[in-house]
Amino acid sequence: MTGSAPHAAAATPAHPTTAAGSITVREAVFDLMRRFGMTSVFANPGSTELPMFRDFPSDFRYILGLQEACVVGMADGYAQATRNASFVNLHSAAGVGNAMGNIFTAFKNRTPMVITAGQQARSILPFDPFLSSAQATELPKPYVKWSIEPARAQDVPLAIARAYYLAMMPPCGPVLVSVPVDDWDQHTERVPTRAVSTRTRPEPELIARISAALEASERPAFVVGAAADRDGAWNEVVALAEAHNARVWVAPMSGRCSFPEDHRLFAGFLPAMRERIVELLEGHDLILAIGAPAFAYHVEGAGPHVPAGAALCQLTEDPDTAAWAPVGISAVGSIRLGLLDLLAVPPKKTRPLPPARKAAARAEPTPLMSVAYVLQTLAEAKKPEHIVVEEAPSARPVMQAHLPFTRSETFYTMDSGGLGYGMPASVGVALGKPGSRVICLIGDGSSMYSIQALWSAAQNKLPITFVILNNRRYAALQDFAPVFGFSPTDVVQGTELPDLDFPSLAKGMGCAAVRVTDPADLRKALDEALASDVPCVVEVRVA
């Protein structure tokens with residue numbers, strides 16, 4: 001994606017915004033949603049939400065998820081694909097509780113999302129009624145930017161307007177509005193649409209200091225994270241790296257592809273380990289983190305955060321990230337605008353090209369296929385413009401070696417580490433980018449967290465290819481166990497997953513499906529699934 005992010009124009013009025021007399025809360029909210037471009041409603045129905053959907057507008061669509069985690073996961077993928085806040089409707093405390101895992105992921109993904117949750121009628125709230133939410137605004141915290149139950153029914157449209165603007169402000173994220181069931185038929189006034197900024201420019205003085213550090217550096221390295229792609233800054237990252245001949249690493253646990261992985265300057269992926277990060281960045285005298293924390297860690301570490309003699313600079317959209325960075329300069333603001341300011345100062349010296357990244361050795365077929373062979377075959381079968389939504393934690397290092405991404409907005413995963421995102425997110429991405437081929441790459445364990453998303457994919461006839469890597473276990477946990485004192489031969493309780501039949505599950509939800517056990521059959525199965533106009537599941541048995 002090049003140019004300004006299109007979500008900046010989402011709040012532009014589509015018609016005059018002066019109040020047009022008294023209308024119902026329901027009418028005012030749908031009018032507002034229409035002007036915000038939120039005409040797709042991701043939901044699972046409940047009794048306290050029914051009045052909202054009476055006389056449902058014909059220009060809206062209701063995207064049904066069979067469980068609330070699926071609902072929020074679909075909305076997350078859709079919002080990222082469209083660069084506009086998605087609209088979610090959940091059922092009171094029970095629905096919000098079921099959705100919390102993916103609300104947490106949306107918060108970590110910096111996904112703009114307006115969540116409405118049903119509430120019992122105001123008149124009976126003092127009596128702790130059935131299906132009420134006792135502390136509706138507290139339940140989703142701390143993983144929403146803002147939550148409210150308006151004091152009056154008449155204030156509901158204003159609350160949703162404020163929620164939208166907050167969701168879209170950097171860093172983006174989910175917000176929640178609790179709406180009592182009897183509010184929708186009350187009367188209020190139309191809410192005028194406002195133009196509200198969705199970008200801030202980094203402080204010029206700090207950009208100047210980062211620019212001077214870049215100019216003085218002999219061996220710069222960039223560490224690029226998900227916010228670069230979220231802010232439409234792909235081309236600017238490439239241009240700045242080329243201007244300075246900087247090696248470019250992907251930040252630990254990054255949820256997006258932010259630099260072409262076939263580029264001569266691409267260096268690889270940083271792990272979430274302090275000592276290993278320092279080791280890989282050794283020899284560089286300047287590290288510039290772009291749209292990424294400096295740095296995300298997953299295990300306890302010790303020692304310096306950057307190599308001896310190296311300076312650290314950071315360009316981030318998130319004030320919290322800037323505040324906890326342990327060392328260096330942090331400029332806060334739009335990634336793209338900050339990069340444009342850095343590009344405005346051309347370098348005065350030419351640096352030699354850094355060492356090229358070594359290509360991974362080709363994987364060979366074996367009777368029980370390796371993950372490397374499967375992903376290598378998928379890389380050869382798919383097109384560069386195909387979009388991959390991934391949730392296969394144990395396979396990610398292998399993916400990074402054998403399944404490169406070379407274009408903006410072609411890779412999505414969760415920044416949170418929480419499971420249950422991938423399958424529904426692929427549905428949301430496919431809905432948000434009609435005509436695009438979406439591939440959901442997922443592990444057998446991960447798929448069972450939101451398997452209901454297959455039904456939504458089938459009902460919406462979406463061209464999604466679900467590739468399930470079935471190693472019959474929670475491999476990520478077994479692989480991680482030695483960090484906590486397990487020996488390689490120890491049995492880790494609760495990690496074995498025998499007897500899951502994914503073709504049967506898929507067909508039961510309306511999807512075509514095939515199981516592949518022979519490497520000779522893999523390419524044909526992938527080609528047929530990638531050519532299909534409806535969702536297909538390809539289960540691959542791997543070592």
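Aspartate 318 is buried, with a relative accessible area of 4%. In this predicted model, the residue sits in the loop between β13 (311–316) and α9 (319–324). Its side chain makes a polar contact with the side chain of arginine 110, at 2.3 Å. Apart from neighbours within four places in sequence, aspartate 318 is in contact with Arg110, Pro171 and Val332.

Two of these partners lead to other parts of the chain. Pro171 lies in the loop between α4 (156–168) and β7 (174–180), and a cis peptide bond with omega of about -10° joins proline 170 to proline 171. Val332 falls within β14 (329–332), an edge strand of a sheet.

That sheet is open and has six strands in the order β11-β10-β9-β12-β13-β14, with parallel pairing. Its edge strands are β11 (266–269) and β14, each of which pairs on one side only. Neighbouring strands are turned against each other by 20° on average, direction ignored. Within the sheet, β12 and β13 pair in the parallel sense over five bridges, and leucine 286 stands opposite alanine 311 in β13. Helix α5 (residues 204–216) packs on the sheet and touches β9, β12, β13 and β14, its direction making about 130° with that of β14. Helix α7 (residues 234–244) lies across β9, β10 and β12, and runs at about 165° to β9.

The next helix to consider is α8 (residues 274–281), in which Arg274, Ile277, Val278 and Leu281 are buried. These residues cover an arc of only 95° around the axis, so they are on the same side of α8. What covers them includes three strands of the sheet, namely β9 (220–224), β10 (247–250) and β12 (286–290). Glycine 283 follows α8 and has a positive phi, near 100°.

Some backbone angles call for comment. Most residues other than glycine have a negative phi, and most peptide bonds are trans. In the loop between β12 and β13, where phenylalanine 295 is found, a cis peptide bond with omega of about 5° joins alanine 294 and phenylalanine 295. Serine 92 has a positive phi of about 50° although it is not a glycine. This serine is found in helix α3 (residues 92–109), and counts as buried because its relative accessibility is 3%. Leucine 131 also has a positive phi, near 65°. It is found in the loop between β5 (113–119) and β6 (147–148) and, at 28% relative accessibility, counts as partly exposed.

Proline 346, in the loop between α10 (335–343) and α11 (371–381), is exposed, with a relative accessible area of 53%. Alanine 531 is in the loop between α18 (519–530) and β20 (536–541) and counts as exposed, at 58% relative accessibility. The C-alpha atoms of alanine 531 and arginine 437, 94 residues apart along the chain, are separated by 9.0 Å.

As for confidence, the mean pLDDT of the chain is 93, and 94% of its residues reach 70 or more. Over residues 1–20, pLDDT stays under 50, and the model has 38 contacts beyond four places in sequence for this stretch.

How values were computed:
Residues numbered from 1 in each chain as written. Predicted model: local features only at pLDDT ≥ 70, side-chain atom pairs only at ≥ 80, totals over all residues. Heavy atoms only, no water. Buried < 20%, exposed > 50% of the residue type's maximum accessible area, 1.4 Å probe, protein only. Helix = DSSP H or I, 4+ residues; strand = E, 2+ residues; numbered from the N terminus. Arc of directions from axis to C-beta. Contact = heavy atoms within 4.5 Å. Polar contact = N/O pair within 3.5 Å; in protein donor to acceptor, adjacent residues only side chain to side chain. Pairing = 2+ DSSP bridges. Axes fitted to C-alpha atoms, helices over the stretch in contact; angles between N-to-C directions. pLDDT = per-residue confidence, 0-100.
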